Amino acid sequence: MTHFNRRDFLKIASNSLLGLSGLIGLSGLFRFLSYEPAPPPPLEYPIGPIDSYPPGSRTVLTEIPALLIHDPEGFIALSLTCPHLGCTVENLPTGFECPCHGSRFDPSGQLLAGPAAKALQPLQIKIKDGQLFLSQTTP
Amino acid sequence: MQILKKYISAFLSITIFIFMVLLGSIPSQTAAAASGDWPPPRTQPQAGEETGSALYHSFCAACHGAAGQGLTAAFRSQFGPDEDCAECHQNTSPAYTFPENAPALIGPKTLKRFVNARQLSNYIQVKMPWWDAGGLSASQTSPLTAHLLHQNGILVPYSPKKAHQISLRQPEQTTPNPEFGGWSLTALLALAAFSLAQREKPNETAKPGTRPSFFHHLHPPRIPANQSRWRYTLGAGGLAVFLTIIVGLTGILELFFYVPTPEQAGLSVQLITYSVPFGALIRGLHFWGAQALVIVSIIHLLRVIFTGAFSHPRRFNFLLGLVLLVILLFLNFTGYILRWDEGIHWALVVGTNLLRSIPLVGETLYRFTIGGPTLGAATLTRFYAWHIFGLTLIGALLIGWHIFRVRRDGGIAAPPTNREYINRFELVRRETLAMLISLAGLILAAITLPAPIATPISSSATVLTEIRAPWFFLWVQQLLRYGDAFWLGLGLPLAMLATLAAFPYLFPRLPDAEKGRWFPRTSRSAQIITAWLALAWLALTLLELLTQ
C-alpha cells in the first residue's frame with residue numbers, strides 16, 4: 001500500500017462527489033423523461049341499449065375492438081386485441097385468427113395455437129338503466 | 001478533339017437550359033370541382049362511363065340508391081313496412097335483405113375514405129356487391145370506377161394503370177405531369193454520365209500555384225489504385241454517402257408540408273403526393289433513396305466481411321458501421337410510421353408492443369417510446385422528433401466519424417501499394433459517374449413505382465388493412481410466428497448483430513498477401529457464418545411473403 005496523503009484524499013473525495021452529482025443529475029433527466037401528462041383514460045365504452053343485442057347474437061364492435069356474445073346464460077364480451085402483440089384478430093366461423101402472426105383461438109376465445117401465450121381477454125360488462133357498458137381491466 | 005469536346009459541353013448546357021425552361025413553364029392544371037360547387041362541371045366524360053352507369057344500376061343502385069345517395073331513411077321507406085326487398089320478392093337469400101347501412105357514393109366528400117382511384121377499384125373488386133363479394137370481374141370493376149369518378153366530377157381520365165395517381169381527396173390534381181419531368185431528367189443524367197465516361201482519365205496533378213476546390217479538397221491528393229477498384233469496393237460506401245445526401249435534402253423539402261399531428265399527418269402526406277408540384281417526385285426520391293440506402297449499406301457490410309476488411313486496424317470502424325446500420329433501420333422505421341395511415345398501423349402496434357415483451361424495463365421503455373400509456377399524438381411527436389432530429393443527428397456524427405476513420409486507418413483495406421496511384425481528380429470523376437447513374441436510377445424508380453400511401457388512421461378499424469411489416473423487417477415478422485416474442489423478435493436479431501460485432505475480435509489479422517481480395521482464407525469461417533445468416537434472412541423474408 002502506497003502512502004495515501006491529504007492531496008490524494010482530496011482528489012478522490014472531490015471526484016466522487018462530482019460523479020455522485022452527475023448521477024443525481026441523471027436521475028433528474030430520468031424523471032423528466034418518464035413524466036406522463038395524462039393518466040390513462042378510463043377504459044369504459046358505452047355500447048347502447050340491451051335490446052340491440054338479441055339473444056343468440058354475436059356482435060363485433062370494431063371501435064373497441066370487441067365481440068359481444070349474447071348466450072342463454074347472459075352476455076359475454078371478448079377483447080379482439082391479440083394478447084401476443086396487439087393486432088386485431090379476425091372473427092371467423094371457426095373461431096378467431098390473428099392476421100399478423102397467425103395465433104388461433106376457438107369461438108369462446110380460448111387459445112388453440114400460435115405464438116400468443118394467453119386466451120383472448122374477457123371484458124367486464126355493466127348494465128345501467130338498460131344501457132350496456134364494456135370496460136377493460138387495465139392490462 | 002479538344003474542339004469537339006467544347007461543342008459537346010456547349011450542346012449539353014443548351015439542352016439543360018431548354019429543358020429547365022420547359023419544366024418551369026408547364027402550367028399547373030387548374031383546380032376544378034372545389035368542394036363548394038356541386039354538381040361539379042363534367043366537360044369530358046370518363047372513358048367507359050356509360051357501361052359503368054348501366055352496371056351501377058344493375059349491381060349497386062339497389063342499396064346505394066339510383067342517385068348514389070346511400071341507404072337513407074327516405075330511400076328505405078319506399079320498400080314497404082319492413083323496409084326490405086324480401087317482403088315482395090319472397091326470397092330469403094341474402095340478396096333480398098338490405099345491409100344495415102350503405103354509404104352514399106356520389107356527392108361532396110363521399111369517397112374520401114379512399115386515397116386514390118386504385119383503392120376505390122380494389123375495394124369494389126374485393127368487397128362488392130355485398131351478397132357476392134369478389135363476384136365482379138375486372139372488366140366490370142373498371143367502368144364502375146370510371147362511372148363513380150365521373151359522377152363525382154373527377155376529370156383526370158381513369159385508366160386502371162394510372163389509377164394510383166388519381167386522388168379522391170384533393171379537388172383536382174394541380175401538379176405538372178411528373179413523368180415528363182422525370183423521364184427527361186433521367187435521360188439528361190444518362191447523357192451526362194455517358195459523356196463523363198467517354199472523357200479520358202484526368203492525369204493532371206494540381207498545377208503549381210493553384211489549389212484544389214473544396215470538393216476536391218475533401219479527397220486525399222492521391223490514393224492507391226488498389227483501393228479504388230469497382231470490382232473490389234463495389235462503390236457501396238461512397239454510394240451510401242450519396243444516398244444519405246439525397247434522402248437528407250428531399251427530407252428537408254418534405255418538412256415544408258408535413259404536419260406531425262394525428263389528424264393532419266396522413267392528409268399532409270397526400271397533399272405532398274398529389275397536390276404539391278413535383279411533390280410525388282420528391283417523396284418518391286425520399287422513399288426509394290431510403291430503401292436503396294438499406295440495400296447499399298447491407299451490400300457494403302457484406303463486402304467488408306467477405307474481403308476480411310474488418311480485421312485490425314479496422315476493428316473499431318467495423319463496429320461504428322454496425323451501429324450506423326442499426327440507426328439506419330431505426331430511421332427507416334420511424335420515417336415509415338410518420339405516414340400515420342392504415343398501411344403502417346399494425347407495424348406501429350406490433351413494433352411498440354414488442355418493447356413490452358422485454359423483462360423488467362419493457363413497460364417503461366414502451367411508455368417512453370410512445371409517450372404515454374396508449375398510442376396517440378405524443379407517439380407521433382416522438383417518432384417525428386427522433387426521425388428528423390435525434391437519430392439524424394447521431395447518424396450524421398457517426399457518418400463523419402466513420403469516414404474519418406477510413407482515412408485514419410490508411411484508406412480502404414488493400415495490399416501494400418504497387419506504386420500505382422490515382423489522383424483526386426480521377427477519384428472525383430468516378431464518384432460523379434456513380435452519382436449520375438444512381439440518381440437516374442432513383443428518379444426512374446420514383447416516377448414508375450409510387451411510394452406507398454393509404455387512408456389515414458382513424459379510431460375505428462377500417463376494412464383495408466395492411467398487416468405486413470416493412471420489407472426489411474419481414475423476417476422478424478416470420479420469426480414472431482414461431483414462439484416467444486422477446487427471444488425471437490429481439491433476442492435473435494440482437495444475437496445476430498453481436499455475432500457480426502465479434503468477428504474482428506475472433507479472427508486474426510489478415511496477412512498482407514490476403515488484403516484487398518475477396519474471400520481470404522484467414523477469416524473463412526466468418527464468411528461462412530455470414531453467408532448462412534444472409535440465407536436465413538432471405539428464406540425468412542420469402543416465407544413471410546408466401547404466408548400472407
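## Sheets in chain A, helix pairs in chain B

In this predicted model, A:Lys126 stands opposite A:Phe133 in β10(A).

Q: Which strands stand at the edges of the open sheet of six strands in chain A?
A: The order in this sheet is β1-β10-β9-β4-β3-β2 (chain A), with antiparallel pairing. On average, neighbouring strands are turned by 25° against each other, direction ignored. An edge strand here has a single partner, so one side of it is left without a neighbour in the sheet; in chain A these strands are β1 (44-49) and β2 (58-61).

Q: In the open sheet of four strands in chain A, which strands stand at the edges?
A: Here the pairing is again antiparallel, and the order reads β5-β6-β7-β8 (chain A). Each edge strand has a single partner strand, so one side is left without a neighbour; the two in chain A are β5 (90-92) and β8 (111-113).

Q: What is the bridge partner of A:Phe96 in β7(A)?
A: Strand β6 (residues 95-97) of chain A runs antiparallel to strand β7 (residues 104-105) of chain A, and two bridges join them. In β7(A), the partner of A:Phe96 is A:Phe105.

Q: Are α12(B) and α20(B) roughly parallel or roughly antiparallel to each other?
A: Turning to chain B, helix α12 (residues 279-306) and helix α20 (residues 524-547) pack with their axes 9 Å apart, at an angle of about 150°. Angles over 145 degrees count as roughly antiparallel. The two helices, α12(B) and α20(B), are therefore roughly antiparallel.

Q: How many nonpolar residues has the contact of α12(B) with α20(B)?
A: From α12(B) come B:Leu302, B:Ile305 and B:Phe306, which meet B:Ala526, B:Gln527, B:Thr530 and B:Ala531 of α20(B). By class, this contact has no charged residues and two polar ones, and its nonpolar residues number five.

Q: How many polar residues has the contact of α10(B) with α17(B)?
A: Helix α10 (residues 236-255) and helix α17 (residues 424-448) of chain B cross at roughly 50°, their axes coming within 11 Å. That makes α10(B) oblique to α17(B), and the crossing is right-handed. B:Leu239, B:Phe242, B:Leu243 and B:Ile246 of α10(B) make the contact with B:Ala434, B:Met435, B:Ser438, B:Leu439 and B:Leu442 of α17(B). By class, there are eight nonpolar and no charged residues, and the polar count is one.

How values were computed:
Residues numbered from 1 in each chain as written. Chains lettered and ligands numbered in written order. Predicted model: local features only at pLDDT ≥ 70, side-chain atom pairs only at ≥ 80, totals over all residues. Heavy atoms only, no water. Axes fitted to C-alpha atoms, helices over the stretch in contact; angles between N-to-C directions. Parallel < 35°, antiparallel > 145°, perpendicular 65-115°, else oblique. Contact = heavy atoms within 4.5 Å. Nonpolar A, V, L, I, M, F, W, Y, C, P; charged D, E, K, R; others polar. Pairing = 2+ DSSP bridges. Left-handed = near helix turned anticlockwise from the far one by under 90°.
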